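Here is a short report for a reader new to this structure. Look over the sequence and the model, then read on.

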Amino acid sequence: MGRFSENRIDSYEKKISIFQICQMVKEGRIVFPVVSSGKKSKRIKNVSEMLEAILLGIALPVVYVSERQDGSFLVLNSDDRLLNLILFLEGEYPLTGLEFYPELEGYRIEQLERYFPRGTSRLYDYSISFQVIEYTTPKYMHIQVGNYIEQWDFAREQGVRNKLYGNRLEEYLHCLARFLERSVDFFSRRNLNRQYMVLRILMYRFAYEGVIRVRQMEQGMGLQQLLDRTIQSMDNMDMLWEEKMARELMRAIQALNHWGRSTGFDLAKDKGKERQARTLGYLCHVVWLCWGKGDAVQQGLSSIAFDKALWREIHEGKENFAHIQRQFDEIEKRLS
């Protein structure tokens, strides 16, 4: 008889009026991940549609939030509708293109309050339903919820992760990403995306070196849990380790950069996406393996990077601990 996983997500529903939401945002009890929010015209259209829906009495979709250790709510939805509404209520945007309330065209919140007090009162009294993931749920499962309800890009995912895990992680990854930016051009220009790529590379290294320890029954451990274990391991490292890791990562990326230019291998292919994350993670692993064995890095990289069968297996397999270990074994075999 099989063993059924005991993983589960604890959550509850909470309805909060827009007036209360505004107060909670001001007090830091509702926070948003720091990500680029798109073109201003799109944000204005977004908030205009949302406000018209509220005035019409339409029930808005649920907002998913993570409850953090301090009791504050971190918004997971990536459509930014709630954030744009808050910015409108702070005087940031005008309303445009309203179909049922054309008389509000061009109005900002100050004019709405002055000329349509009853409508403004309806707006502030309107309640939005929050689905709150309790802080007792493991952090990696908060991230998994976000990827279930929406397809996050890496910048959004890392923005949420930074807010969930705290300042130390964000500061260290930000430092590394900025440091690497000066010497390579195959990373995404978005800082959060670069931070994610750095975290993925560290995950592969920790998995290989045994820093991430798993039991036999955990061989199927998935990507989000592996990233969680990577962060936990980083928390246990001191400043000397951080500096050492930064130097080694920088050297590996520079070696990759030099090799890529000399061979014409496109390290920027699928920039900022999953295929690139795997490619960079495994190729950095090859660099470190070659250094450890005293082998020529350029030759080692070429023997692995142009092996189409190996990369088909790497890119198409489900990214979990067992898959990563299998690819490490295969890479070592081909380098020997």
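A residue counts as buried when its relative accessible area is under 20%. In this chain of 336 residues, buried residues make up 52%. The model is a predicted one.

**The whole chain**

The chain holds 15 helices and 5 strands. Its C-alpha trace spans about 75 × 50 × 40 Å along the principal axes. The accessible surface comes to about 17,300 Å². Carbon and sulfur atoms account for 49% of that surface.

Charge comes next. There are 48 positive and 45 negative side chains. The centres of the two sets lie 3 Å apart.

**Two buried residues**

Leu76 sits in the loop between β4 (73–75) and α3 (81–89). Its relative accessibility is 0%, so Leu76 counts as buried. Which residues touch Leu76, leaving aside its neighbours within four places in sequence? They are Tyr64, Val65, Ser66, Ile133, His142, Val145, Glu150, Trp152 and Val160. Arg156 is 80 residues away from Leu76 along the chain, yet their C-alpha atoms are separated by 9.0 Å.

Gln158 belongs to helix α7, which covers residues 154–165. Gln158 is buried, with a relative accessible area of 0%. Beyond its neighbours within four places in sequence, Gln158 is in contact with Leu169, Leu173, Leu192, Gln195, Tyr196 and Leu199.

**Two residues with positive phi**

Asp80 is not a glycine, yet it has a positive phi of about 60 degrees. Asp80 is found in the loop between β4 and α3. Asp270 is not a glycine either, and its phi is positive at about 55 degrees. Asp270 lies in the loop between α11 (239–263) and α12 (274–293).

Is Asp80 buried or exposed? Its relative accessibility is 11%, and the cut-off for buried is under 20%, so Asp80 counts as buried. Asp270 has a relative accessible area of 28%, so it is partly exposed.

| Residue | Relative accessible area | Class |
|---|---|---|
| Leu76 | 0% | buried |
| Asp80 | 11% | buried |
| Gln158 | 0% | buried |
| Asp270 | 28% | partly exposed |

Definitions and conventions
Residues numbered from 1 in each chain as written. Predicted model: local features only at pLDDT ≥ 70, side-chain atom pairs only at ≥ 80, totals over all residues. Heavy atoms only, no water. Helix = DSSP H or I, 4+ residues; strand = E, 2+ residues; numbered from the N terminus. Buried < 20%, exposed > 50% of the residue type's maximum accessible area, 1.4 Å probe, protein only. Contact = heavy atoms within 4.5 Å. Areas by Shrake-Rupley, 256 points an atom, 1.4 Å probe, with all protein chains shown as cover. Lys, Arg positive; Asp, Glu negative; His and termini not counted. Charge placed at Lys NZ, Arg CZ, Asp CG, Glu CD.
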